[in-house]
Amino acid sequence: MNTTLDIQSRLTCPNCWVDLSPADLLWVSSHPDLRGDNYLGTDAQKRFLPSRFDSDGFALDANGMRSQSLACPECHLAIPRILVDFKPIFVSVIGASSSGKSYFLTSAIWELRRKCQALRLSFADADPVANQIISEHEQKLFLSDKPSELVAISRTETDGELYQQVNYGTRQELYARPFVFSLKPTPDHIGYKGEKELRLVSRALCLYDNAGEHFRPNLEAALSPATDHLALSEALIYVFDPLQHPRFRQLCRKHSQDPQLNDDFQVVRQDEVIVEAAKRIRLKANLAEHEQFNKPLIVAVNKLDVWQHLLPNIDFNNLHPFQATGDGVTGIYANMINEASRVLRELLVQAAPEVVAACDSFCNDVTYIPISPQGCSPEVKEGNWGVRPSSLKPVWAEVPLLYALSRTNCGLVPTISNNSQ
Ligand SMILES: Nc1nc2c(ncn2[C@@H]2O[C@H](COP(=O)(O)OP(=O)(O)OP(=O)(O)O)[C@@H](O)[C@H]2O)c(=O)[nH]1
Ligand SMILES: [Mg+2]
Ligand SMILES: [Zn+2]
């Protein structure tokens, strides 16, 4: 582990978004007696500015114990060490309640772990503690020891474990908890320049799940910091759920028994989600009403397993949008993604024109990508919703994230324009 804090000259706290110098970082004491933080409460380990270091360069706390973690001087929340070493890429996931954001992130991360080797990337948890929630979700869905029994990921609550509360005296703030991963090229990657250069070409991928409620207009004031990460993200992934859209519901009922199509299922106006997110981003980024978001907006059109009959000529199960080419480059096929996006946009213009209009008015770089994180419908047993791990077969779940990475200038996921498929 590198212990000198001078690799990046500046870094951004992934919790409160303040811009920092690594020299200002606090350390988190390790000794069990050193508890109590004025912002985080009596149970939190004390934060301190170090004056003593051990021979490996780790700070020693007041009781002489080696400190392992860093914290932000502004919000006191933990900052994964990787952010000192690697440049970050922030990606936020938004969408209405029950649109499938949490299942999407879980499947996407699982698939990336499985497929990264083929992409000549090493993809790993940068901070197992920070990623514990998503790891538990992965365990539930993909590593179950009783795969034929129903399991479920619980709803993301606005006051739940995906948010962190900080008490600044009389003021309280709620910050979204990032999931943080390291992305490094392996020696056979085109961008690999040797061990010494690894820090320059590797990245820390920070992902944010959100509770759908955060995009209800009336909650704006109370939840502002919780959604501030949107404005700083390299790409936004908007999960659109056709199963919550009246026109799509009609089109799917004849073909699917998915319980989400039942009459009593609550549906919401999903164009409002993007309008609300746009409003907050404009405010935070100081953009005028007519100015457009200048990063990619990726619309992940979810639950493809239910509506795939609407695109009968395309079998997404057998289309692989990233592959190794003969000249040793592994990347994403721009043509295939662009074609999928074009076809999907046409479908949405017919079935949900208000969603396309809302996306277009916010951003001129919109890509539509079909996904199915489960590849099957959930089931309801005695009033409880869940999926059987043995039935899961994700389709394109990792593609929105890979596409987002390909749109940054990090070079880790190159774009390949010639598509031989
Ligand atoms: N048919 C189908 N249903 C899916 C798929 N992925 C997720 N779902 C269902 O979508 C529902 C909502 O999923 P979540 O991931 O919890 O939704 P969310 O957007 O995180 O919701 P909040 O946390 O409330 O904001 C669950 O009942 C899932 O079983 C899919 O690929 N196909
Ligand atoms: Mg959720
Ligand atoms: Zn902070």
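A polar contact is a pair of N or O atoms within 3.5 Å; within protein, one atom must be able to donate a hydrogen and the other to accept it, and residues adjacent in sequence count only if both atoms are side-chain atoms. In this predicted model, local features need pLDDT of at least 70 and side-chain atom pairs count only at pLDDT 80 or more, whereas totals for chains, interfaces and linings use all residues. Residues are numbered from 1 along each chain as its sequence is written, chains are lettered from A and ligands numbered from 1 in the order in which they are written, and side-chain values use heavy atoms, with hydrogens and water left out.

**Ligand 1**

Ligand 1 has 25 residues around it, and those that come nearest are Lys-101, Gly-212, Asp-258, Asp-305 and Gln-374; a residue counts as near if one of its heavy atoms lies within 4 Å.

| Protein atom | Ligand 1 atom | Distance |
|---|---|---|
| Asp-258, polar side-chain atom | nitrogen | 2.8 Å |
| Ser-102, polar side-chain atom | oxygen | 3.0 Å |
| Pro-373, backbone N or O atom | oxygen | 3.2 Å |

On its own, ligand 1 has 670 Å² of accessible area, of which the protein covers 95% (Shrake-Rupley method, 1.4 Å probe).

**Helix packing**

Helices are DSSP runs of H or I with at least four residues, numbered from the N terminus. Their axes are lines fitted to C-alpha atoms over the stretch in contact, and angles run from 0 to 180 degrees between N-to-C directions.

Helix α2 (residues 101–115) packs against helix α3 (residues 132–142) at about 80 degrees, with the axes 9 Å apart. The two are therefore roughly perpendicular (65 to 115 degrees; under 35 counts as roughly parallel). Contact means heavy atoms within 4.5 Å; among the residues that meet are Tyr-103 and Trp-110 in α2 and His-137 and Phe-142 in α3. This contact has seven nonpolar, four polar and two charged residues.

Helix α6 (residues 246–253) and helix α9 (residues 334–351) have axes that come within 9 Å and cross at roughly 105 degrees, which makes α6 roughly perpendicular to α9. Arg-247, Phe-248 and Leu-251 of α6 make the contact with Leu-347, Leu-348 and Ala-351 of α9.

For helix α7 (residues 271–284) and helix α10 (residues 353–362), the axes come within 8 Å and cross at roughly 10 degrees; α7 and α10 are therefore roughly parallel.

How values were computed
Angles under 35 degrees count as roughly parallel, over 145 as roughly antiparallel, 65 to 115 as roughly perpendicular and the rest as oblique. Ala, Val, Leu, Ile, Met, Phe, Trp, Tyr, Cys and Pro count as nonpolar, Asp, Glu, Lys and Arg as charged, and the others, Gly among them, as polar.
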